[in-house]
Amino acid sequence: MAPLEIVLILLAAVVVSGACARMLPLPVPVPLVQIALGVFVAAVVNLGVRLDPQVFFVLFLPPLLFFDGWRLPKAGLLRDKGMILALALGLVVFTVLGAGLLIHWMIPAMPLAVAFALAAVISPTDPVAVKAIAARVAVPKRLMRLLEGEALLNDASGLVCLRFAVAAVLTGTFSLVDAVGSFVWASAVGLAAGFAVTTVAAHLKNWVSHRYGEDVGAQILISLLIPFGAYFLADSVGASGILAAVAAGITMGYVEQGGGALAETRVRRSAVWETIQFGASGVIFILLGEQLPRIASRAAEVVHEAGHAEIFWLLLYVAAITFGVAALRFAWVWALVRVALCRAASWRLVAALTVAGVRGTVTLAGVLSLPFMLADGSPFPARDLAVFLAAGVIIASLVAATLLLPGLLSHLDFAAEPGEEAAEDAARVAAGEAALAAIARAQGGLATHPGDADLGAEAATRAMAPYRQRIDALSRSGAEGDVARRIEALERELELIGMRAERERLLQLTRSGQLSDEAARKLVREVDLVEARIAGA
């Protein structure tokens with residue numbers, strides 16, 4: 001089948017999966033629906049997709065991680081930085097070591113380095129899947145942000161561990177000293193590359209926009225190119241392209257607080273990126289379902305060669321690895337709450353954090369990036385079995401979270417974030433006051449004709465009362481219609497001035513730390529939508 005036809009079928013399947021998930025009476029997460037739909041597609045149509053590991057990895061991961069970093073609430077990340085770092089870094093290393101040894105012990109045919117590579121790809125968690133599972137359950141905001149922060153950072157740390165494990169398989173050697181040195185280099189330079197690419201790109205596009213005007217399409221395209229530019233820059237010097245993409249996304253979030261882009265650019269860019277996230281993550285799970293029958297068949301051959309009954313042992317391996325990873329996570333979270341935070345660990349909270357650690361797109365993209373061949377041309381050892389086990393852990397963790405997480409989250413006592421609602425209300429008041437003051441200052445400067453002073457006063461009054469109906473002005477004709485149209489034009493200009501001042505005040509409150517990123521994004525989007533409507537009128 002032609003590549004274009006394959007892409008169209010995959011995208012159509014993603015659209016259908018979203019509709020199917022909404023139709024189901026139970027809160028089944030969209031990724032599970034997409035995997036099932038992929039299996040159905042494989043049974044009906046032979047797409048014949050052969051995934052190139054490197055192309056697959058580069059095509060999907062940089063934009064997804066960039067967008068996650070861009071949208072990550074920075075205030076929550078800084079507030080719970082200790083807990084997040086302990087989960088994203090310490091737990092990843094703990095999981096890679098523990099799960100890697102467990103996998104190698106259960107499956108001696110899988111080399112230790114490959115077992116560590118598999119453990120590395122199943123260590124990152126996926127908050128998107130948690131949101132889908134908990135769509136009908138009230139998840140505490142702070143808990144959700146904790147999971148988001150962990151998932152963003154452990155994506156990078158898990159994939160860096162994968163890189164070292166694969167290098168050990170390909171070269172047959174491993175040095176802890178070299179690995180630590182390479183990790184420090186890859187992390188530091190990767191973060192610096194992401195920051196540099198985003199900062200330079202933002203300054204250049206702002207310089208061009210201020211002098212020659214802003215092209216909305218070009219601005220959106222620049223944002224799409226930034227994660228790939230950061231990835232390839234870091235990768236070209238031997239650093240972590242994944243960390244570069246994450247750093248670029250986080251930097252983009254801070255760049256946005258400068259308010260340099262037009263409202264129309266932000267609105268349209270947000271829609272484009274949300275579509276890309278939905279489409280890319282959906283295609284990954286559809287491809288997993290489509291590849292699953294062939295992966296299972298080849299994995300069964302590996303198990304059969306070891307003298308076991310294929311299906312039973314494959315399912316046993318998946319169950320044992322899923323349980324082992326969950327046990328490692330439970331023990332780490334319990335110790336973290338008990339020791340690091342110096343308070344008694346609530347079993348319900350620890351269990352919720354454990355079950356919420358589902359695996360998703362990054363795990364799948366990482367395991368599919370395993371090379372097919374070694375440097376000498378021989379097959380990568382146990383690759384098909386590793387891919388199947390990773391896919392099985394993804395499905396098992398999604399099913400477990402679907403069944404257990406709603407009950408664990410009900411009546412969960414989790415510390416709330418104080419004063420967020422009050423801060424949002426105060427920000428609305430402050431932004432409104434800034435808009436009124438800006439309109440009042442601009443009113444007198446709009447008189448360009450002998451009668452414009454009175455028209456400007458009427459326009460300012462109407463701009464300060466946006467809910468007043470304008471049916472009477474729009475229904476006039478003749479000379480009165482001309483006057484009404486002039487008043488409407490002045491009113492529109494004053495409203496735009498007020499909204500720009502309102503948005504600037506919101507961004508000032510965000511930069512000063514008085515307003516959270518999430519609340520600021522919500523309020524700025526409200527202003528942007530109205531401004532885009534008025535500017536296009």
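## The largest pocket

Seven helices each supply at least two residues of the lining of the largest pocket: helix 3, helix 7 (127-133), helix 8, helix 11 (241-256), helix 12 (263-305), helix 20 (478-511) and helix 21 (517-535). Helices are DSSP runs (H or I, at least four residues), numbered from the N terminus. Helix 21 gives the most to this lining, with eight residues. This is a predicted model: local features need pLDDT of at least 70, side-chain atom pairs count only at pLDDT 80 or more, and totals for chains, interfaces and linings use all residues. Residues are numbered from 1 along each chain as its sequence is written, and side-chain values use heavy atoms, with hydrogens and water left out.

The volume of the largest pocket is about 1,000 Å³. A pocket is an open set of points on a 1 Å grid over the protein atoms alone, with protein on both sides within 12 Å along at least five of seven lines; lining residues have an atom within 4 Å of a point. A volume is the space filled by probe spheres set on the points, which are joined across faces, edges and corners. The lining of the largest pocket counts 38 residues, and the closest to the pocket centre are Phe-67, Trp-70, Arg-71, Leu-72 and Arg-521. What classes make up the lining of the largest pocket? There are 19 charged residues, 13 nonpolar and six polar. Asp, Glu, Lys and Arg count as charged; Ala, Val, Leu, Ile, Met, Phe, Trp, Tyr, Cys and Pro as nonpolar; the others, Gly among them, as polar.

## Aromatic pairs

The structure holds nine aromatic pairs. One of them is Phe-67 with Trp-70: the ring centres are 6.4 Å apart and the planes at 80°, so this pair is edge-to-face. Rings of Phe, Tyr and Trp (its six-membered ring) pair if their centres lie within 6.5 Å; planes under 30 degrees apart are stacked, over 60 edge-to-face, the rest tilted. Phe-67 and Trp-70 both sit in helix 3 (residues 53-71). Phe-67 is buried at 6% relative accessibility. Trp-70 is also buried, at 3%. Buried means under 20% relative accessible area, exposed over 50%, partly exposed in between (1.4 Å probe, protein chains only).

A second pair joins Phe-94 and Trp-332. The centres are 5.3 Å apart, the planes are at 35°, and the pair is tilted. Phe-94 is partly exposed, at 31% relative accessible area. Trp-332 is partly exposed too, at 25%. Elsewhere, ring pairs link Phe-66, Phe-67, Trp-70 and Trp-273 into a cluster.

## Charges over rings

Arg-71 lies over the face of Trp-70, 5.1 Å from the ring centre. Arg-383 puts its charged end over the ring of Phe-372, at 4.0 Å from the centre. The criterion is NZ of Lys or CZ of Arg within 6 Å of the ring centre and within 35 degrees of the ring normal.

Is helix 6 (residues 112-121) mostly covered or mostly open? Mostly covered: eight of its ten residues are buried. These are Val-114, Ala-115, Phe-116, Ala-117, Leu-118, Ala-119, Ala-120 and Val-121. The buried residues of helix 6 pack against helix 5, helix 8 (141-171), helix 15 (361-368) and helix 16 (383-409).

Thr-363 lies in helix 15. It is buried, with a relative accessible area of 0%. Not counting residues up to four places away in sequence, Thr-363 touches Val-121, Ile-122, Pro-124, Ala-390 and Ile-394. Contact means heavy atoms within 4.5 Å. Thr-354 lies in helix 14 (residues 347-355). Thr-354 counts as buried at 10% relative accessibility. Its contacts, leaving aside neighbours within four places in sequence, are Ala-326, Arg-329 and Phe-330.

## Cavities

The structure holds two cavities of 30 Å³ or more. A cavity is a set of grid points where a 1.4 Å probe fits but cannot get out. The second largest cavity has a volume of about 40 Å³. Its lining consists of Leu-87, Leu-91, Val-92, Thr-95, Ser-123, Thr-125, Glu-150, Asn-154, Arg-329 and Arg-359. Helix 5 and helix 8 are the elements that give two or more residues to this lining.

Which helix gives the largest share of the lining of the second largest cavity? Helix 5 does, with four residues. By class, this lining has three nonpolar, four polar and three charged residues.
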